[in-house]
Amino acid sequence: MNTLNVQRRDTETKAKRLRRQGYVVGNLFGREIEGSIPLKIEKKEAERIHKECLKGCQLYLNLDGKQYDALLKDIQYDSMSKQILEMEFQALVKGEKVHSVTEIVLHNKEKVVQGILEQFLEEVSYKAAPEDITDKIDIDCSNLRLGDKITVADLDIAKNKKIDVLTPLDAVIVHVVAPKNAKDEDEEEASEEK
């Protein structure tokens, strides 16, 4: 599991100033934390975590000599400046279910040669205890053919009795459809034959 070193942030210092000084701001909240703990994270550390972890990823936060088992709840990212603006973390309590999302990662999309692969869902919402948190869902698309679809019910996470999936089980994640041009050409051929 990834570990992130964070520091307690003085709320008197503005977030803009901290960003200029090479930090990303954040917050740690949880049932056993009164209010929330404002954080500052070195930009390099935040960028490393952003590359290695998706939203919904479980990691350890080192803060003031204490280690928190936490969930990466949200990352605010400015795509124009290519900067992380803020990171939100939830401290986890052993055995207590927490609401999270797990991102869907599609592999071998280029191997789908019949039709076009359309992705409808990018994440699955669920509730689970810390020991059952899922960082990501990997889907291999290499065997998908025209007309094939994968729904939430087809995923391992939906079959795990310890996890409460909140996304509808019949929700379509990916579907292989006929290219629109091919359909148009078939219609043109049919009308020319008449």
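## Exercises on charged side chains and backbone angles

Aspartate 64 counts as exposed, at 56% relative accessibility (buried means under 20% relative accessible area, exposed over 50%, and partly exposed in between, with a 1.4 Å probe and protein chains only). The model is predicted, so that local features need pLDDT of at least 70 and side-chain atom pairs count only at pLDDT 80 or more, whereas totals for chains, interfaces and linings use all residues. Residues are numbered from 1 along each chain as its sequence is written, and side-chain values use heavy atoms, with hydrogens and water left out.

**Exercise 1.** Describe the phi of aspartate 64 and of asparagine 108, and place each residue in the chain.

*Solution.* Most residues other than glycine have a negative phi. Aspartate 64, although not a glycine, has a positive phi of about 50 degrees, and its place is in the loop between strand E5 (58-63) and strand E6 (66-78) (helices, H or I with at least four residues, and strands, E with at least two, are DSSP runs numbered from the N terminus). For asparagine 108, phi is also positive, near 60 degrees; this residue is found in the loop between strand E8 (98-107) and strand E9 (116-119), and with a relative accessible area of 26% it is partly exposed.

**Exercise 2.** Locate the partners of the salt bridge between lysine 97 and aspartate 164, and state their accessibility.

*Solution.* The closest N and O atoms of this pair are 3.0 Å apart. Lysine 97 lies in the loop between E7 and E8 and aspartate 164 in strand E13 (residues 164-165), so the pair ties together parts that are 67 residues apart in sequence. Lysine 97, with a relative accessible area of 37%, is partly exposed, and aspartate 164 is partly exposed at 34%.

Methods: Salt bridge = Lys/Arg side-chain N within 4 Å of Asp/Glu carboxyl O.
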